[in-house]
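Here's a quick walk through the fold, piece by piece. Keep the viewer open while you read.

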Amino acid sequence: MMHRRVVVGLLSILALLLVAGATVRAHELRPGFLELRETAPGVYRLLWKSPAGGESPIHVVPILPRDCRLITGGQQQLTPGAPVVRGTLECPGSIQGRTIEIDGLASTTVDVLVRVHHAGGRLESHVLKPIDPQVTLGAATTGWQRALGYLRLGIEHILLGVDHLLFVLGLLLIVGGRWMLFKTISSFTVAHSITLAIATLGYASAPLLPLNAAIALSILFLGPEIVRKRQGGTSLTIAQPWLVAFAFGLLHGFGFASGLTTMGLPQAEIPMALLLFNVGVEIGQVGFVGLILALERSFRTLEIRWPRFAEALPAYVVGSLGAYWTIQRTVVLLGALR
């Protein structure tokens, strides 16, 4: 396995980078969803689902074309903070060639899926991102483009979900030997794939706020185990880390599923979305592990030595962030229960 001093030094740098990007925000990938379904020429049934379910509210709202008129029932208003809005959008002629923008998206870390069902069966789909929060409608999207969107969403979900990466980082600090590394990462993959599938297909679900707290607890759990491993101790986690990876992987799979289930996907598209989203998650995870292994080899070749405090840093970063998120998410959960 890797040279110990090289590994801990390398992981210190990675841990600091993760902390810099995630001190206050993690697991924020909860996309919004805007659907327009043409029911008559120039008339569309509108459904807006704001990103929801995280620790803090996200205030984004679609800005519809000025010459289109939105009619909603009851007291519904298409305003920032409105979780779900249904209505009828009337656009003279057609909505093709008109632009829709998501106000407030640029200051978030979430995406919004825009889907337009045109008369005649043509489907148009776009993923709006903070760096490009608007789209001009009218371009046809192929099945391949939609598939690529789900694949990319999976990759982003793991790479932007810093809590998931910290858990994998914690596992890497515990495992010893390439075979155990393969076994542990494979167990995590199998476990989260199982719960991702059953949650997305609707066979099971986990409330998001308790789930987020439990995921944070899984990271906190690894902190003392990493310290014990450094001190030469042993435990079931150190001896058989694949068991812990599998058990907590089931929780993380429900977390991955939240990225799909909150979008309200059409039933016919769920199998493809599930498969490609999961493939995207695995690509991101393998890339992260591969990056660590590649950097470890580079540092070992360069014979770089790290100070003692750097060797201890990864364990305390994993444990401290795990504790921070556990407390933060528990407070949010208790607040929601009041």
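Val61 stands opposite Asp103 in β6. That strand, β6 (residues 99-103), runs antiparallel to β3, and three bridges join the two. Pairing here takes at least two DSSP bridges between strands. Helices (H or I, at least four residues) and strands (E, at least two) are DSSP runs, numbered from the N terminus.

Zoom out and you get an open sheet of three strands, ordered β3-β6-β9 and paired antiparallel. β3 (61-63) and β9 (134-136) are the edge strands, each pairing on one side only. On average, neighbouring strands of this sheet are turned by 20 degrees against each other, direction ignored. Axes are lines fitted to C-alpha atoms, for helices over the stretch in contact, and angles run from 0 to 180 degrees between N-to-C directions.

## About the model

This is a predicted model, where local features need pLDDT of at least 70 and side-chain atom pairs count only at pLDDT 80 or more, while totals for chains, interfaces and linings use all residues. Residues are numbered from 1 along each chain as its sequence is written, and side-chain values use heavy atoms, with hydrogens and water left out.

Is Arg98 buried or exposed? Arg98 counts as buried because its relative accessibility is 15%; buried means under 20% relative accessible area, exposed over 50%, and partly exposed in between (1.4 Å probe, protein chains only).

Arg98 sits in the loop between β5 (84-90) and β6. Leaving aside neighbours within four places in sequence, Arg98 is in contact (heavy atoms within 4.5 Å) with residues including Pro65, Asp67, Cys91, Val135 and Thr136.

## Two nonpolar cores

A nonpolar core is a set of buried Ala, Val, Leu, Ile, Met, Phe, Trp, Tyr and Cys residues joined through side-chain atoms within 4.5 Å. The largest one has 49 residues, and Leu166, Phe167, Val168, Leu222, Phe277 and Trp325 touch the most other members. Helices supplying at least two residues each include α2 (143-160), α3 (162-174), α8 (270-302) and α9 (308-337). The largest share, 10 residues, comes from α3. A second, separate core of 25 residues includes Val85, Val114, Val116 and Leu128.

## How α3 meets α8

The axes of α3 and α8 come within 11 Å and cross at roughly 45 degrees. The two helices are therefore oblique to each other (under 35 degrees is roughly parallel, over 145 roughly antiparallel, 65 to 115 roughly perpendicular, the rest oblique). Leu165, Val168, Leu169 and Leu172 of α3 make the contact with Gln285, Phe288, Val289 and Ile292 of α8.
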